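Here is a short report for a first look at this structure. Please read it with the model open beside you.

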Amino acid sequence: MPDERPGPGEILVRASASALNFNEVDGCHGRYLTIDPPLPYTLGMECVGEVVAAGAGAESWVGKRVTASSRGAVGAHAELVAASTAMSFEAPAQLDDGQAAAFFYPFHLAYLGLHERGRLAPGETVLIHAGAGGVGSAAVQLAAAAGARVIATVGRDDKRSLVEELGADLTVNYRTDDFVQVALEATSGRGVDVCFDGVGGSTTAGSLRCLGRGGRYLCVGFAAGIEAEEQSLISGRALCFGNFDMVGVILAYVDSAIAAHLTEHVAVPVPRFNPPTDAIGRRVQDSLLELLDQGRIRPVVGATVPFEDLPRALEDMEARRTVGRTVVTR
Ligand SMILES: NC(=O)c1ccc[n+]([C@@H]2O[C@H](COP(=O)([O-])OP(=O)(O)OC[C@H]3O[C@@H](n4cnc5c(N)ncnc54)[C@H](OP(=O)(O)O)[C@@H]3O)[C@@H](O)[C@H]2O)c1
């Protein structure tokens, strides 16, 4: 493939490591409509490396070690990766390349969900689905660090110990046990205050049956089946009676100056595209660095694989065999 070239406001990163994101599994199958570039294209949304070139306005980034999400959320498993500065952050010095690759995306998405959008407060109960996954493992740690009571679901019993170690108070294998009943019992029937859902489908339906008054349902992803992306989550009556909030969460920081005019450029039909701004991204990064410095959060690298093993690693992710982030080295 030809080398990428950075445009205005973009940097070019010589990637030393990248990380797998579940969206790539759907991308491989050609069923991820949100990111569906013409074939052939290079997979990858998340990388770490050194900035070797920059477009107009981004010159000061050259030479920095960064974590970045690639332009258009593709191409991060390449050697040279183009990224906007809005979706790039200096890599924390205390993290090695693999840890840094595993840090940026899961923690930013989890923080945006729980705090920016979910208004999580100390003492509240939060239900986190796929708590051992990349984003889930970050959400469990952030919720525990915020003083919340954490109920985490996992798809296999051997994932329980990880989420407990990360701060979950209660774990449920939602493939064998009824998480709705567990959440209701744990809250004396009131229901949970926040639900962080990157799984979707029947898990969403169950989540809405155990969400309490004033609760916030965070719509993060659809790992159980991307087709759920096109389906309604809830009827008006159920929302009215539930007396809770349905909250969308997207990680795609965009330059503040252009964030308000993006709807018409989105490839898939949506009534509005309201991405968070780069100013929000910087604020989230500062909060995360503080927690990292205090030792209250850590990136979870479940596996590190050489580039040649990337296809097998994606198969492992699809088969629910991975925990945390899988890091791909060069
Ligand atoms: N909103 C956004 O901006 C945004 C951006 C990127 C990604 N996402 C989404 O965030 C979610 C988490 O992403 P991630 O990269 O960290 O993935 P991940 O959580 O590491 O992997 C997905 C997990 O989902 C669970 N799962 C439940 N049903 C599944 C099924 N039928 N097939 C496969 N997995 C299933 C599995 O955990 P258990 O076996 O423990 O259940 C699996 O490990 C995904 O839905 C992803 O698409 C959202």
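## Helix α8 and its cover

The cover over the buried residues of α8 includes α2 (97-117). Contact here puts two C-beta atoms, placed from the backbone, within 7 Å. Helices are DSSP runs of H or I, at least four residues, numbered from the N terminus.

This is a predicted model: local features need pLDDT of at least 70, side-chain atom pairs count only at pLDDT 80 or more, and totals for chains, interfaces and linings use all residues. Residues are numbered from 1 along each chain as its sequence is written.

## Two faces of α8

Helix α8 runs over residues 278-293 and has 16 residues. From first C-alpha to last it reaches 22 Å, close to the 22 Å expected at 1.5 Å a residue. That expected span is 1.5 Å times one less than the number of residues.

Its buried residues are D278, G281, V284 and L288. They fall within an arc of 110° seen down the axis of α8, so they line one face of the helix. The arc is taken from the directions from the helix axis to the C-beta atoms. On the face turned away from the buried side sit the exposed residues D286, E290 and D293. Buried means 20 or more other C-beta atoms within 10 Å of a residue's own, exposed means 12 or fewer, and partly exposed lies in between, with C-beta atoms placed from the backbone. After α8 comes G295, with a positive phi near 75°.

## Where the domains meet

The protein is divided into domain 1 (10-103 + 286-329) and domain 2 (106-248). These bounds come from an automatic or database domain assignment. The domain centres, taken over C-alpha atoms, are 25 Å apart. The contact takes 16 residues from domain 1 and 16 residues from domain 2.

On the side of domain 1 that touches domain 2, α1 (22-28), α2 and α8 each supply at least two residues. α8 gives the most, with three residues.

## Around the ligand

The ligand is surrounded by 29 residues, and the closest are G133, G134, G155, G198 and G221. A residue counts as near if its C-beta atom, placed from the backbone, lies within 6 Å. Two or more residues each come from α1, α2, α3 (134-145) and α9 (310-318). The largest share of the shell, three residues, comes from α3.

Why does the ligand lie between domain 1 and domain 2? Both domains give residues to the shell around the ligand, so it lies between them.
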